[in-house]
Amino acid sequence: MKTMELIAPCHFGLEAVLKKEIIDLGYDIIKVEDGKVTFLGDAEAICRANIFSRTAERILLKIGSFKALTFEELFEKTKALPWEEFIPENGKFWVKKATSMKSKLFSSSDIQSIMKKAIVERMKQSYKKDWFEEDGNEYPVRVTILKDEVTIGLDTSGDSLHKRGYRLLVGKAPISETLAAALILLTPWNKDRILVDPFCGSGTFAIEAAMIGANIAPGMNRYFTAQKWENLIPKSEWEAVLKEAQELVRKDIKMDIQAYDIEENMVKAARENAKRAGVENYIHFQKRPVCELSHSKKYGFIITNPPYGERIETKESIPEIYAQLGKRLKELDSWSAYIITACEETERYIGRKADKNRKIYNGMIKTYFYQFLGSKPPKLKKVGE
C-alpha cells in the first residue's frame, strides 16, 4: 500500500502522549511540533489512527506544504498539488478551515476562497472539464499557515475525535474526551489501581479510564468522513480494523473506578453516558460532596477537573472547595492526586506544593496539571520468593 504523511493535531502540551500512541500503533514519527504529530502510514493507518487514538483531535491526510508570502503564490502552489490523486471527479471539496499565525497571509476567508479556486483550476486541467457537480462524497480540506509555511491536509475524521458518541449529556464546563484520556495516560494509573473523580460532572474521566482499562477503542461506535473515500481506502480496510478493535476489548476484568458529584442530575447524566460507552459496570457513581471523599484502601488515584472560576463558579467559592479537597487528600496520605485547573492558587488552597506541574491549553484557557504524588505500593513478591 502507498505510504502517506498523516498529521494528528492534539492539545498543546500533550504532544508526547500522542507521539507514544502513534508509536504504539506501529507507525514512524516524522515530526513533533506544537499541537501536532506528523507520521507515516498507509490507508490502513488512517483507519487505525481514527479508531484507536485516544488523544488526537483528528487525522489529516497531508496533501502538501510550501512557503507562501502572497495570495498569488498561495494560488499557484496550491494549484500545483496533485489534487486529482485524492479527490474524484464528482467529489465535494471545500476549504473547511484555515488558520494563520505569524504569517503575511492572515485573512481566513480569503485563504479559503483562493485555495478553493486553485483546487478547481487543477481539477479542470486534470479531468478536462469546466464544471464540477460536486454531488459525490465529501473531501473537506484544512490548512494551517505558520510563519508563512502552508500545510494542507484532507480531513479524514469529520467530527473531532473527541466526539466518541457516548456523551450526549454534559455539564456546564466539561473536559473533552481526548484531553481527559491524555491526562490519564500521563499518570501511572492502570486498571488494577483505584481511581476516584470527586468532581465527575458528565463522567468523562471515569468513562475514559474505564475504556482504557477495558481496552475499548474510542472510535468503535462512530462515523468517519474517510469511510466513504473508496477511491483511497477500500471498505474492507475499515471492516478489518473495526473487527480488530472488537476482538481487543477485555470484558472479563474488574476495576475500582468511582465518580462523585454534588449535583444529582450530573450523577444521573454521567451514569447514562457510561451506559452508552459500554462501561457502566466498571464505575460506581454517587452523589457525594468532596468533603466526604474517603476510601478504605491505600495507594489510590484522584484524577479530576474541579471548578476553577472561569465559567461555572464564582471565584469566592474556589478556596473553600480546594481546601476541602486538600484536607481529604491529607487523610488519604498514600494516594496520588492529579488536578487540571486554571486556578493558579491551587497549591496554596490545597495546602501542599505539587510534586510536578504541567502547563496545558484547554481550548483557549491556560490550565495547569498539578501532580501530588503519593507513596508507591509495595512490589508484589513473585512465586517462590
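Leaving aside its neighbours within four places in sequence, which residues is Arg167 in contact with? The points below begin with that residue.

1. This is a predicted model, in which local features need pLDDT of at least 70 and side-chain atom pairs count only at pLDDT 80 or more, while totals for chains, interfaces and linings use all residues. Residues are numbered from 1 along each chain as its sequence is written, and side-chain values use heavy atoms, with hydrogens and water left out.

2. Arg167 is in contact (heavy atoms within 4.5 Å) with Pro174, Ile175, Ser176, Glu177, Ser202, Thr204 and Asn273, once its neighbours within four places in sequence are set aside. Arg167 lies in the loop between S7 and helix H5 (177-185); helices (H or I, at least four residues) and strands (E, at least two) are DSSP runs, numbered from the N terminus. With 16% relative accessibility, Arg167 counts as buried, where buried means under 20% relative accessible area, exposed means over 50% and partly exposed lies in between, for a 1.4 Å probe and protein chains only.

3. The backbone oxygen of Ile175 is reached at 2.6 Å by the side chain of Arg167, and the side chain of Glu177 makes a polar contact with that of Arg167 at 3.3 Å. A polar contact is a pair of N or O atoms within 3.5 Å; within protein, one must be able to donate a hydrogen and the other to accept it, and residues adjacent in sequence count only if both atoms are side-chain atoms.

4. Glu177 is also among the buried residues of H5, which are Glu177, Thr178, Leu179, Ala180, Ala181, Ala182, Leu183 and Ile184. Because eight of the nine residues of H5 are buried, this helix is largely enclosed by the rest of the structure. Its buried residues pack against helix H1 (15-24), helix H6 (204-213), strand S11 (301-304), strand S12 (336-341), S13 and strand S14 (365-372).

5. How many salt bridges does the structure hold? There are 17, a salt bridge being a side-chain nitrogen of Lys or Arg within 4 Å of a carboxyl oxygen of Asp or Glu. One of them joins the side chains of Glu208 and Arg164 at 3.0 Å, N to O. Glu208 lies in helix H6 and Arg164 in the loop between S7 and H5, so the pair ties together parts that are 44 residues apart in sequence. Glu208 counts as buried at 0% relative accessibility, and Arg164 counts as buried at 3%.

6. Glu244 forms a salt bridge with Arg48, with the closest N and O atoms 3.1 Å apart. This pair links distant parts of the chain, since Glu244 is in helix H7 (residues 235-248) and Arg48 in helix H2 (residues 43-52), 196 residues apart. Glu244 is partly exposed, with a relative accessible area of 25%, whereas Arg48 counts as buried at 13% relative accessibility.

7. The side chains of Glu85 and Lys2 also meet in a salt bridge (3.6 Å, N to O). Glu85 is in the loop between helix H3 (71-79) and S5, and Lys2 is in the segment before S1, 83 residues apart. Glu85 counts as partly exposed at 44% relative accessibility, while Lys2 is exposed, with a relative accessible area of 53%.

8. Leu329, in helix H9 (residues 318-331), counts as buried at 5% relative accessibility. Not counting residues up to four places away in sequence, Leu329 touches Ile302, Trp335, Ala337, Arg352 and Phe372.

9. Lys128, in the loop between helix H4 (108-127) and S6, has a phi near 55°, a positive value in a residue other than glycine, and is exposed, with a relative accessible area of 70%. Tyr299, in the loop between strand S10 (283-287) and S11, has a positive phi of about 65° although it is not a glycine, and is partly exposed, with a relative accessible area of 22%.
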